[in-house]
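Please read them with the coordinates open beside you.

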Amino acid sequence: MSNHYQTLGVSRDASPEEIKKAYRKKARTLHPDVNPSPEAAEEFKRVSHAHDVLSDPDKRRVYDATGNENGNNTGFGGGFPGSGFGFSDIFETFFQGAGGARGPESRVRQGQDALINVRVSLRDAVFGTEKEVTVDTAVTCTLCEGQGTEKGTEPETCDVCHGQGHIQRQVQSILGNVVTTAECPSCRGFGTVIKHPCPECYGEGRVRQRKPLTLKIPAGVATGTRIRLGGQGEAGTGGGPNGDLYVELRVNPDETFTREGDDLHATMTVPMTAAALGTTISLETFDGPQDVTVKPGTQTGQTTTLRDLGVTKLRGNGRGNVVVHFDVETPSKLNDEQRELLKRLAELRGEDDAVGETLQNTGQGFFSRLRDRFQD
């Protein structure tokens with residue numbers, strides 16, 4: 001014979017409430033309506049029998065004294081004889097917290113959040129801007145003002161559930177007649193039926209519409225930045241409040257600049273002669289033209305920085321920088337005069353012997369050597 005205390009998982013000095021609570025917990029997982037396996041059915045019988053004995057003060061007294069019970073009843077009719085665990089307790093056991101006693105659902109529900117993608121230029125990301133966008137979304141129906149009913153009519157009480165929103169059915173089980181609760185199929189749980197729906201929204205209380213919005217884009221945004229517009233999402237049903245609208249930004253590539261964090265990078269091509277002699281070149285930035293100094297002897301890959309002309313910091317103060325990368329251009333076509341001048345320069349620099357010379361891989365090219373000569 002199994003130990004009834006172990007079957008319920010309680011101590012021998014457990015109170016009647018603890019025994020009742022332990023039974024309910026096990027019954028929720030072992031009842032045949034929940035778990036149809038043969039093993040669960042047998043275990044449920046043992047659990048129910050243990051509860052029948054331990055919940056009866058007289059039976060429990062005899063069981064504690066002898067290890068056996070007299071007159072125990074393992075039948076499972078409409079209740080548990082002598083246990084005080086009647087039909088209302090059965091109903092509570094299986095449907096507590098499952099909506100068995102809930103009322104009708106409200107037609108008023110909040111709308112869903114929405115997400116749209118918006119593209120902006122790099123300039124707009126640097127300084128911020130306002131942008132007009134159009135959103136295809138659900139808006140409150142103006143004809144019925146979100147009620148979903150034809151003008152002059154109202155929702156009527158459901159004839160099936162009589163306004164409860166749910167219906168109850170009796171299911172025969174080893175515990176007797178167990179009541180189950182389900183959503184009313186006629187009113188879908190609302191307790192009322194719209195017999196005269198609005199001709200514009202067909203009872204939804206909202207319609208689809210293209211809605212214009214003015215979007216304020218702060219300075220410093222980047223691809224992937226999201227902006228939340230509270231209450232600008234889809235309208236709710238039954239006149240419910242709007243959800244939120246999230247705008248995810250995509251920054252378009254720029255012809256001149258690439259972005260790294262808050263810095264902007266640009267590449268300027270410099271003629272070989274200008275790189276050797278030094279010069280000043282104008283660069284068109286987002287703040288207008290800026291003079292860029294090319295120092296004498298500038299090499300490909302070298303950089304110079306224009307401070308505080310980069311992207312405005314999204315969080316914090318100030319701006320990043322503009323970093324200019326130099327690409328020294330070697331002439332590919334020379335006329336006779338230009339070629340003679342370069343030969344003359346090579347002679348003056350003592351580099352005429354380098355013409356046609358096979359250079360060893362010393363890590364220095366011709367222009368690296370030319371730079372070294374300029375620095376002599």
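1. Glu248 is buried, as its relative accessible area is 12%, where buried stands for under 20%, exposed for over 50% and partly exposed for what falls in between (1.4 Å probe, protein chains only). The residue sits in strand β9, which spans residues 245-251; strands here are DSSP runs of E with at least two residues, numbered from the N terminus.

2. This is a predicted model, in which local features need pLDDT of at least 70 and side-chain atom pairs count only at pLDDT 80 or more, whereas totals for chains, interfaces and linings use all residues. Residues are numbered from 1 along each chain as its sequence is written, and side-chain values use heavy atoms, with hydrogens and water left out.

3. Which side chain makes a polar contact with the side chain of Glu248? That partner is Arg226, at 2.7 Å, a polar contact being a pair of N or O atoms within 3.5 Å of which, within protein, one must be able to donate a hydrogen and the other to accept it, while residues adjacent in sequence count only if both atoms are side-chain atoms.

4. Leaving aside residues up to four places away in sequence, Glu248 touches Leu115, Ile116, Asn117, Val118, Gly224, Thr225 and Arg226, with contact taken as heavy atoms within 4.5 Å.

5. Glu145, in the loop between β2 (129-140) and β3 (156-157), has a phi near 55°, a positive value in a residue other than glycine. Its relative accessibility is 64%, so Glu145 counts as exposed.

6. His162 belongs to the loop between β3 and β4 (166-173), and its phi, near 60°, is a positive value in a residue other than glycine. His162 is exposed, at 61% relative accessible area.

Notes. Helix = DSSP H or I, 4+ residues; strand = E, 2+ residues; numbered from the N terminus.
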